[in-house]
Amino acid sequence: MASETQIQELEAKAKEIRRSIIQMIAKAGSGHPGGSLSSADLITALFYSVLKHDPKNPNWPDRDRFHMSKGHCAPLWYAILADRGYFPKDKLMTLRKVGSILQGHPDPRTPGVEVASGSLGQGLSVGLGMSLAARIDKKDWRVYVLLGDGEIQEGNIWEAAMAAAHFKADNLCAILDYNGFQIDGKVCNVMELEPLAAKWSAFGWHTIEINGHNMKEILGAYDEAKKIKGKPVIIIAHTVKGKGVSFMENVCDFHGKAPTQEEAERALKELA
Amino acid sequence: MSEMLYQRDVYGKTLVELGKTNQSIVVLDADLSSSTRTGLFAKEFPDRFFNFGVAEQNMIASAAGLAACGKTVFLSTFAIFASGRAWDQVRNSVCYSNLNVKIVATHAGITVGPDGASHQAIEDIALMRVIPNMSVIVPCDGPQTQEAIIAAAAAKGPFYIRLGRVKTATVEGKGEFKIGKGQLLSEGNDLTIVACGIMVNEAQSAVKNLQKEGIKARLINIHSIRPFDKEIILKAAKETRGILVCEEHSVIGGLASCVDEVVAEAHPVRVIRMGIKNKFGQSGEPADLLKEYGLTSVDIEKAAKALLQ
């Protein structure tokens, strides 16, 4: 059980990460704030309290693996990697610029990024491959993959879902950022996913549904996931697109639009 | 008569040999392990083999994950699926991250035969060679398949290795196998014939017959489509009267295009392209299809004479 202090520290850290996301995307002038903000609590909790990793030795063989399949939320990943010391924080302001180590979508040139992503639907397979590598080497490190809700409309996801259960990949944990919006509107209007937990269960996964902004629930889900044997786990996290910035919350437009300078300032005040 | 071998038999046996000494080798297949012969590895090393079922996209993106954890991944399916079905996974998950994934695609070209056009990859060289970081190898026979597999296992980065379905006669006098280097199979200054894969044998027969008529054709085997041996082509462009390119692939985007790109930039000469001319294949026995599509040694002889006229 996480203590109240731990929870508060994680909440404060997530707020700080959200500020970085806003600053980076505003400076870049393009990017995807909505999904970065909705997944911020989930991935902050992962990197500050769950994942076994060593920023000073990114290639430590026994590290847990994280892969961001919804690659457009790279600013979230970059903000956390910089804060954890994988590279200097001043690099964050080079996002999306020519020659930067921080590409618009994840690229292994960034310390801490292992495999490129950005073309949706492939990352669960990448995570499955990593989990099989751990099995071959008889290692107990784990694999975490962040998925988007719009993303799982890709067929490749369901190929991976079928295979991960078939291979009993219990060291694989998918995290679904179920914020309910994709570029063209509400997910339920563009291409309905429900009944979602039932789909994953039918594919042979252990499912955990949580409020993706409640640190206690998030940590509880990661704990539960570790204990499941014989099947992969998906944490279906109900989230709010643009979470933390009032005028971005549940506004579809901010899926892939940078805030103006004025909007960024307002957002940073809210996140102070 | 030289030895007749299935390239995929050689592939499967080579994988087993490599697997004995190289613990990092992992092999994947998508429900075709008996046809591609990865089944031989599966039998020997069940803990390092995964059958992904009929799901090539998942197999190839998973290969990226395995390779990112230090594995050297060999994966196989038919060329049509390896190159086309999962192209985005090859590009974005494997090649973009420059990972050690070796795609060994069998059943390439029209000599797949009776299965027909849906199963005959005639665009795969084009699709694979345009992706940055990708090396593309087309071995011409059994022994060269072994050399290619061993070389790919030792090299860093992604490979596409193209194998056929039918038995191939072993090509004599190939010399050393080196990625990025063509092989001069016969000297001659009248014209140059450049070939890859099963067309090397056809071309070698043609060269022998042309010789009887006093035509001296230079024959080059290009097993390494990428990296490509520009020097051997430029030398041929300068020293002979034209280049005839023979491949069991579309005339667009494959070996002929590689030759065109080099000579057009540095030393323009006439290039005749022999391959599949912007159409699909069809069902038929491999030998009949080669006749139908004008890819026999007789067709090569005719084209060579036409080039010299």
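This is a predicted model: local features need pLDDT of at least 70, side-chain atom pairs count only at pLDDT 80 or more; totals for chains, interfaces and linings use all residues.
1. Strand 4 (residues 72–78) and strand 5 (residues 101–106) of chain B run parallel as a pair, joined over 6 bridges.

2. Which order do the strands of the chain B sheet follow? The order is 3-2-4-5-7-6-12, an open sheet of 7 strands with mixed pairing. Strand 3 (49–51) and strand 12 (224–226) of chain B are the edge strands; each has a single partner strand, so one side of each has no neighbour in the sheet. On average, neighbouring strands of this sheet are turned by 20° against each other, direction ignored.

3. A helix covers part of this region. Helix 4 (residues 56–68) of chain B lies across strand 2 (25–29), strand 4 and strand 5 of chain B. Relative to strand 4 of chain B, helix 4 of chain B runs at about 170°.

4. Elsewhere in chain B, helix 10 (residues 230–239) packs with helix 11 (residues 255–266) at an angle of about 60°, and their axes are 10 Å apart. Helix 10 and helix 11 of chain B are therefore oblique to each other, and their crossing is right-handed.

5. What does each helix bring to that contact? Helix 10 of chain B brings Lys230(B), Ile233(B), Leu234(B) and Ala237(B), while helix 11 of chain B brings Val259(B), Val262(B), Val263(B) and Ala266(B). By class, the residues of this contact are 7 nonpolar, no polar and 1 charged.

6. Turning to chain A, its secondary structure consists of 9 helices and 7 strands. The C-alpha atoms of chain A fill a box of roughly 50 × 45 × 40 Å along the principal axes. The radius of gyration of chain A is 17 Å; a compact globule with 272 residues would have one near 19 Å, so the value for chain A agrees with that expectation.

7. The two chains touch: 20 residues of chain A are in contact with 23 residues of chain B. On the chain A side, helix 4 (123–136) and helix 5 (155–166) each supply at least two residues. Helix 4 of chain A gives the largest share of that side, 9 residues.

8. How do the residues on the chain A side of this contact divide by class? The side of chain A that touches chain B has 11 nonpolar, 7 polar and 2 charged residues.

Methods: Residues are numbered from 1 along each chain as its sequence is written. Chains are lettered from A and ligands numbered from 1 in the order in which they are written. Axes are lines fitted to C-alpha atoms, for helices over the stretch in contact, and angles run from 0 to 180 degrees between N-to-C directions. Helices (H or I, at least four residues) and strands (E, at least two) are DSSP runs, numbered from the N terminus. Angles under 35 degrees count as roughly parallel, over 145 as roughly antiparallel, 65 to 115 as roughly perpendicular and the rest as oblique. A crossing is left-handed if the near helix is turned anticlockwise from the far one by less than a right angle, and right-handed if clockwise. Two residues are in contact if their C-beta atoms, placed from the backbone, lie within 7 Å. Ala, Val, Leu, Ile, Met, Phe, Trp, Tyr, Cys and Pro count as nonpolar, Asp, Glu, Lys and Arg as charged, and the others, Gly among them, as polar. Two strands pair if DSSP finds at least two bridges between them. The radius of gyration is taken over C-alpha atoms; the globule rule is 2.2 Å times the number of residues to the power 0.38.
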